[in-house]
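Look at the sequence and the structure together. The text below goes from the surface to contacts between side chains.

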Amino acid sequence: MEILLPIYQFLCDTQTQNKRSSVGFSWNEILKKHTFLPRIEFENMIFSKAKWNIEVAVFQKLFANKNLLASIKIWQKENLIPDFVELVEGDNKLLIDLKSEISIRMLLDTIKNRKKFILEEFLFLDNEFIKDEKDASYCNQFVVSFYNEAKLKQANNE
């Protein structure tokens, strides 16, 4: 059995010999140095979606205003951020609707223990495949919330 593992590894390595493992575009270190990176596209191909590198402290200041949605709208306009974005965590992405206070508060709760977070433009809005009888489009992403009832009661009492 010990002999099979190196042989298996060797065969796996030879299968991609002289071939690229993937083709793509990545900003790598540039994203860390800039707060905004535009969409990169050529003809009808998108190589990289627009990205925003945001400091949590700056985002948290928006919550000081009593009218959160108005504060977010001004921030969006200043930073050219669309209404629908995705929070990027490695290869995981969470759709955020910046017109929804619940969605904004969910974003804050998710990023509150970080220094920075990345938002990426969300491209699929108008021509979705999932539609209801009134021809309204739906995104093929589901968010399921779990909560601890005791902690929820405790938070409401504070």
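In this predicted model, a nonpolar patch on the surface is formed by F25, F42, M45 and F47, which together have about 390 Å² of accessible area. One of these residues, F42, lies in strand β2, residues 40-42. F42 counts as partly exposed because its relative accessibility is 47%, and buried would mean under 20%.

Charged side chains come next. The whole structure holds 11 salt bridges. One of them joins E121 and R39, whose closest N and O atoms are 2.7 Å apart. This pair links distant parts of the chain: E121 is in strand β7 (residues 116-121), R39 is in the loop between β1 (36-37) and β2, and 82 residues separate them. E121 has a relative accessibility of 10% and therefore counts as buried. R39, with a relative accessible area of 32%, is partly exposed.

A salt bridge also forms between the side chains of E86 and K49, at 3.2 Å from N to O. Here too the partners come from distant parts of the chain, with E86 in strand β5 (residues 84-89) and K49 in the loop between β3 (45-48) and β4 (51-55), 37 residues apart. E86 and K49 are both buried. These two residues belong to a network of salt bridges that links K49, K51, E86, K93 and E120.

D109 and K112 form another salt bridge, with the closest N and O atoms 2.8 Å apart. D109 is partly exposed, at a relative accessible area of 48%, and K112 counts as partly exposed at 42% relative accessibility.

Now to the rings. A pair of aromatic rings is described by the distance of the centres and the angle of the planes. The whole structure contains 4 aromatic pairs. Among them is the tilted pair of F36 and W52, with 5.3 Å from centre to centre and 40° between the planes. F36 in strand β1 and W52 in strand β4 are 16 residues apart, and their pair links distant parts of the chain. F36 is partly exposed, with a relative accessible area of 34%, whereas W52 is buried, with 4%.

How are the rings of F59 and F117 arranged? Their centres are 5.5 Å apart and their planes lie at 75°, so the pair is edge-to-face. F59 is in helix α3 (residues 56-61) and F117 is in strand β7, 58 residues apart, so this pair links distant parts of the chain as well. Both residues, F59 and F117, are buried. Ring pairs also join F59 and F117 with F63 and W75 in a cluster.

Definitions and conventions: Residues are numbered from 1 along each chain as its sequence is written. This is a predicted model: local features need pLDDT of at least 70, side-chain atom pairs count only at pLDDT 80 or more; totals for chains, interfaces and linings use all residues. Side-chain values use heavy atoms; hydrogens and water are left out. Patches are made of residues with over 30% relative accessible area and no salt bridge: like charges are joined within 9 Å, nonpolar side chains (Val, Leu, Ile, Met, Phe, Trp, Tyr) within 5 Å. Accessible areas come from the Shrake-Rupley method with a 1.4 Å probe; for residues, only the protein chains shown count as cover. A salt bridge is a side-chain nitrogen of Lys or Arg within 4 Å of a carboxyl oxygen of Asp or Glu. Helices (H or I, at least four residues) and strands (E, at least two) are DSSP runs, numbered from the N terminus. Buried means under 20% relative accessible area, exposed over 50%, partly exposed in between (1.4 Å probe, protein chains only). Rings of Phe, Tyr and Trp (its six-membered ring) pair if their centres lie within 6.5 Å; planes under 30 degrees apart count as stacked, over 60 as edge-to-face and the rest as tilted.
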